[in-house]
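Work through the exercises below with the sequence and the 3D view side by side, and try each task before you read its solution.

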Amino acid sequence: MKYYKSYGIAFLVPILLIVGIFYGMLIWDFAAAFTSWQGLQPTWEFVGFSNFSRLFELERFWINVRNNLLWLVFFIVPTALGGFVLAYFLSNLGRAENVFWKIFLFPMALSFVVTGTLWAWMYDPSSGVINTILGGIGINTSRLGWIADPKIAVYCMILSAFWQYLGFSLVLYLGAIKGLPSEMIEAAKVDGASRFKILFRIIFPNIAHATLICTTMLAITTLKVFDLVWIMTRGGPGVSTEVLPYLMYRLTFESRDFGMGAATSIVMLIFSAAIVIPYSLWMLGKWVRA
Amino acid sequence: MKDKHFVIASGIIISILAVVWMLPVYALITTSLKTQQEVAMQDYLRLPQEPRLSNFVEAFDALKVGLRNSVIISLSATFLCVLIGSLAGYSLTGFGFRFATPLFFFIVVVTFLPYHVILIPITQFLNTLNLINTYSGLILIYVILNAPMATLITGTFFMKMPPELEEAALLDGCKPLTFYRKILIPVSLPGLISATILVFVQIYNEFLLGIVLTRGPDVKPVMPFLAELKGTQIAQWHIQMAGALITSAIPVIVFIFLGRYFISGLMAGYGKG
Amino acid sequence: MRKSYTFMVVMVLFTVAFFAFSSVSFAQPSEKEFIIFHYWTAGGEKEAINALFEMYQERNPEVKIVENPVAGGGGETMLAVLMSNLAAGIPPDTFQDHQGNQQKDYIDAGYLDIVDDIWIEANFEERINPMWTKTLKFSDHVYSVPINAHRTNWLWYNKKVLDEVGIKAPETYDELLEACQKIKEAKPEISPLALGSREKVWVTYLYDMVLLTTGGPDFYEKANTGRIDFLNDPTFRQAMERFAALIPYIYPWHATKSWDEAAALLKTGESAMYWMGDWVLGYYLSIGMEPEVDFSATAIPSDVWMGHADTFAFPSGVPNPNNARDWMRMCTTPEAQEAFNLIKGSVTIVNDVPPDVYPDPYRQRSANDLGTLRAVCDGYHGGMMTPAFASEIMDILTRFLVDEEVDAAIEDIARAAERTQLAEDCSWFWEE
């Protein structure tokens, strides 16, 4: 398509306009990160990096960073992998898959606000769904506090996001698996390859783009996770389930410390760059065709 | 025979998992049919003594304006996002631009930020354009916030497209727009659909901007209305959960509509290639 | 291939529909609009504000009321919404607010205008408890009109449980602790004190209570405005120790309960007593509990009224200030106050509405006490603490509930007070 470069540029114009506006707003945010803005009225007074150093001194900031990393690992890998395996199972089921993908995708139709409430009810240690069922089959639940237990609360929260997003990765992989030429799998079967081998040696490498997009999307979700934390625990007990976006919101709108809130958002941007740069570099090698 | 066992086994596993998956939804449905008194007992698994459909009537009454607004706003914003995003994705992958990689990085990196960081400039921006409390204003903001994500997804899927397709098309004298419409879109349909699902869900379930950028109920999306149903110093979970089921209908319709394309339309696209 | 066509056609139709719709609804703010932000969004609270709207509509039939309910927490979303609109220079005509430090930030930022004349005209200062004037007047000016008063030093209790155990309603901290011990002994399956900390703010209510019962109202005001040496003050330490002494009797899974779910523990029989503001009364009535049969309430300490007001603030730079001013003028009248509060479940801020208009004994007592007793504002909603300090102390206290370490909590509170400059930011309260 290199003969039609003008088309290519024309196609880029709308997104560049949009991103331009976005960056214009971000500059405002960046500027605020270096000012002493506290309270509700902007004070554009330059204070250098003091917002950052105040932020790094906060113990809860590091708890937040740790929680964000936990989210990245314990949310993305199980959700992507679970969706992939499930998609493979489903693709073998024929017509029944039509019912099942809808069931698994349904949680995506609910907002985080509703999911948060529902899972608070699931985890409720005294009368919640999980402990009631566990109690019903004779397990002693008196010590299972779930989100009331600061040690495991963050994992419980990740599990509820897993519940909501599994359907998304399932649908993504289902589409990708069905897109594979069926001869490929048939040939492997004839060769006598085991199912496990087919799944991970043949199917998985051939739908790498789906994995890529799935993990990236899930990464975006984890870095933005806000409503769920807000609804389920308000970051508690203590600050044990707080994540950076929630810290940013609280610093900005609850503590009314705009400078520090904006500094937090820059930290988040650095986090994102750490994910996007390898992604883009990988594109460089593989993507741009002459 | 071995195949059959495997199918049965996976069928059973998936069925069990599906039941587990539906547990929270079960709690959602039973709560939506209870009275406030029953909800207060916090017996989430128990069925309501007498299903109260009036909860749904009450919730729907409060939500209907919002539903109309949300359908208008989220469908058009999603469409614009996917259109703009896919054109950009095509441009970055298909034309061999030297600056494609850094450009891609700059477009995509902002999708990772929660929009709360720029809540104030967004409001100022829309006010300058005199678009507060209009459909166009909300759509514009949602497009700005979500089009980069659409670029990311569609771009990655276009990358997967076999280069021979493009060469063949070129030989046929096919221009970029025709190629985009007739070949790229059908072949990358699963990518477009996952982009659509994700962007739509993001926009539809967004809650804060819908309040900040509107005045009164005329253009306010449905999520703020849903949040209002519970009340602040009273607690009407039963009405809110009925409302949650009602609002989930729109995404479900969208999923089912899109699902038809990705399940059946896909193979045809490849076959033609 | 054909399918992708249909797909495109459908999508194009949507775009056309979008442009058609959006061109219709280019609504410009008209002169006749009265825009109000509030967070009374459902049920009785919504009916209460609607009663005010009706009254206002009668006074100003030509004005169109545009309400913007802001759901989410106890007004926690409100600040983000307001902040964006105020900073963008498009203030609503009025918005729901509290008093004290909750309001002061808006005034410092220059977002509010003075309404002294409305107060003088209505002779408002004479008609309210002096505490309200103290927390609503900043450098001798007022910027808002309060509409109601919620009492928050109520202990709600399950009457049957207390009768069975054979204890009378506690009126001091010591009696409360004793009641907790006795209930625990007699009925080990019950958690004596209910609490819901899924919304962290309710923990500050308990904090207020121990401060108030340990050091009295003067100490309470000093502590919440940072005028004590947190690290070395013996009274403060005693207060925190008394807080710690209560923790074993608190419902253990408070972190998973919202305020209403915790309130319902009195109905399910899992808890016996609940420390909460008087809006819980409306909730108990609506879940079918009978006052003075299933539940009752007692004020601790009985000689102080603690609570907060909801106010309507007057933003500067609104296009039609007269609309908002008439709203505020209306809110100073006993009729508007009575109409609103009867439905809302709170009491009037003005003392000239007789306490016997309320159908229940609790509000009668609240109104009576507010007219006669020493009153203080509660820490968070009442704006005694700064929002910045409140945000920190919520985290400290929810952790304290888990680890019960008094020393660590005191240290953290001292550090938070210093970091957020609590004493400095609250110095306005002590200026004469």
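**Exercise 1.** Which pattern does chain A follow when it is read along the sequence?

Solution. Keep in mind from the start that this is a predicted model. Begin by listing the elements of chain A, which has 13 helices and zero strands. Then write them down in order along the sequence, and the pattern reads α-α-α-α-α-α-α-α-α-α-α-α-α.

**Exercise 2.** How many buried residues does helix H8 (residues 182-190) of chain A have?

Solution. A residue counts as buried if 20 or more other C-beta atoms lie within 10 Å of its own. Apply this cut-off to the nine residues of H8(A), and the count of buried residues is zero, so that the helix is hardly covered. Following the chain just past H8(A), you come to Gly192(A), which takes a positive phi of about 85°.

**Exercise 3.** How many residues does the contact take from chain A and from chain B?

Solution. Count each side separately, which gives 82 residues from chain A and 84 residues from chain B. Next, ask which element gives the largest share of the chain A side, and you find helix H1 (residues 5-33) of chain A with 15 residues.

**Exercise 4.** In what sense do strand S1 (residues 33-38) and strand S2 (residues 64-69) of chain C pair?

Solution. The two strands pair in the parallel sense over six bridges, and Phe34(C) has Ile65(C) in S2(C) as its bridge partner. Then trace the chain from S1(C) through helix H2 (residues 43-59) of chain C to S2(C), a β-α-β crossover that is right-handed.

Definitions and conventions. Residues are numbered from 1 along each chain as its sequence is written. Chains are lettered from A and ligands numbered from 1 in the order in which they are written. This is a predicted model: local features need pLDDT of at least 70, side-chain atom pairs count only at pLDDT 80 or more; totals for chains, interfaces and linings use all residues. A residue is buried if 20 or more other C-beta atoms lie within 10 Å of its own, exposed if 12 or fewer, and partly exposed in between; C-beta atoms are placed from the backbone. Helices (H or I, at least four residues) and strands (E, at least two) are DSSP runs, numbered from the N terminus. Two residues are in contact if their C-beta atoms, placed from the backbone, lie within 7 Å. Two strands pair if DSSP finds at least two bridges between them. A crossover is right-handed if, with the strands pointing away from the viewer, the path from the first strand over the helix to the second runs clockwise.
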